[in-house]
Amino acid sequence: MSAIHTDGATTPYTGILSGEMNRLREIIARLRADKAYLRRVLMIGGVALVAAVTLIVYLTSGRYVSTDDSYVKAQKLMVSTDVSGLVKDVDVHQGQHVKKGDILFRLDPVPFQIAVNDAKAKLEQTRLDVAAMKESYQQELSEINVQKDQVDLARRNYLRYASLLKQNAIAQSTYDQARLTYSAAQNQLSALQSSAKTQLAKLNGDPDIAPEDTPAFMQAKGVLDEAERQLDHATVRAPFDGVVAEVDSLQPGMLIISAMSAFTTTSAVGLVGTRDVWIEAHLKETDLTYVRKDQPVSITVDTYPGHTWHGHVDAISPVTGSAFSALPAENASGNWVKVVQRVPVRIAIDYRKGDPILRGGMSTVVDIDTGHRRWWRMLFGN
C-alpha cells in the first residue's frame, strides 16, 4: 500500500478524490439545468392549464340555471259552505286522506228539508192554479158566447120596441126598459171579454199552455231548486283529493253563518291537495335569458337527501314577484338602488315510481337545463 506524503506530492488517493469531485460538479450542474427547464415548463404549462380550464368552464357554463329559492306548492282550501246552519256531524279527522266527493261534515238537514217540502207544495199548488185558470178561461169563453146571444136578443127587442114607439103602440117606459136591457147586456159582454183577456194573459197568451211553461210555475220551480241546492250544500264534500287539516276548529253544534264564512277559518275544514303539486321557483331576472317552457328540470328536496325528482318548466310568470306586492317599491326617490328582481317560475313534477310524497311548503333546489351552449367565437364577440 502506498503511503501518504505530506510534502505536497501527488498520491493515488488525491487522483480519486479529484475525479469524484468532478463527477459531483457535473451532477449538480445537470440538476441545475433540469430545474431551470422544469421551472420554464411549469410556468408555461401552468398558465396554459389555467387558460384551458377557464376556457372549458366558460364554454360549458350557462347551460344550467339553479336556485334554492323554490318551494313545493299544493292546492289548499278552507272548505266551508254557503248556507247557514248548525253542524251536526264531522266525518273526518286530522291528517285523513280523502277522495273528491267524500263527506267532510254535515249541517242539520231538518230546516232545509222543511224548506224543500214547502217549495214542492207551492209548486204543485201552482200546477193546480194553472189548470184552474185554463178551466176558468174556457168557462168564460162559454159565458161570452151565451152573453153574445143575450146581447143579440136585447138588441132585437130594443129595435122592435123603437119601431112600435114610433107608432105609439107601446108606452115610453117599455121602450126605455128595452134600451136599458140592451145596454146592460153589452156592458156584461165587455166585462166577460175583459176577464177572459186577463185569464189568457196569465196563461202567457196560450190557452193550451203546459203548466211548466207558465211564469208562475217557473218561479215556484226556482224556489224549489234553491231549497234543494241548500239542502245539498248542507252536506259538505271534498272538492278534490287531499289531506284534511285544521279540522279541530269545527265541532258539532257550531253555528255556521254563510255571510261570515269568507272572513273566518273557524267555520271550515282545511284541505290540502295531494295530486296537483308543483314547484314554485323564484329565479333572478338575469338567469331567465335562456329559460323556456318545457325545459327539463332536476329537483332535490332537503327532506330526502340523495333523491332527485324530474320535472319541466310549466309556466313563467309575466311579471316579477314584487308586482303583486301589497306595498310595491317606489323608485322615484333620488337614493334609489337597483335590486335584481325575482320572477316566479312554475315547475311541473313528472312523478316516477318510487318518488317520495312531497308536502306543500318544503324547500327545494331546482336545476333547469336550458340546453344553451357557448362557442369559442363568443370570445371574439361573434
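A nonpolar core is a set of buried Ala, Val, Leu, Ile, Met, Phe, Trp, Tyr and Cys residues joined through side-chain atoms within 4.5 Å. Buried means under 20% relative accessible area, exposed over 50%, and partly exposed in between (1.4 Å probe, protein chains only). The model is predicted: local features need pLDDT of at least 70, side-chain atom pairs count only at pLDDT 80 or more, and totals for chains, interfaces and linings use all residues. Residues are numbered from 1 along each chain as its sequence is written, and side-chain values use heavy atoms, with hydrogens and water left out.

The largest nonpolar core has 22 residues. Ile299, Ile347 and Leu358 have the most contacts inside this core. Two or more residues each come from strands E1 (64-79), E8 (269-284), E9 (296-301), E10 (308-316), E11 (342-349) and E12 (363-369). Strands (E, at least two residues) and helices (H or I, at least four) are DSSP runs, numbered from the N terminus. A second, separate core has 19 residues, including Val98, Phe105, Ala234 and Ile256. Ile347 touches Trp278, Ile279, Ala281, Val297, Ile299, His312, Asp314 and Val366, not counting residues up to four places away in sequence. Contact here means heavy atoms within 4.5 Å.

Helix H2 (residues 110-166) has 57 residues and should span 84 Å at 1.5 Å a residue. The expected span is 1.5 Å times one less than the number of residues. The end C-alpha atoms of H2 are 81 Å apart, which agrees. Just after H2, Asn168 takes a positive phi of about 55 degrees.

Gln199 lies in helix H3 (residues 172-202). Gln199 is buried, because its relative accessible area is 13%.
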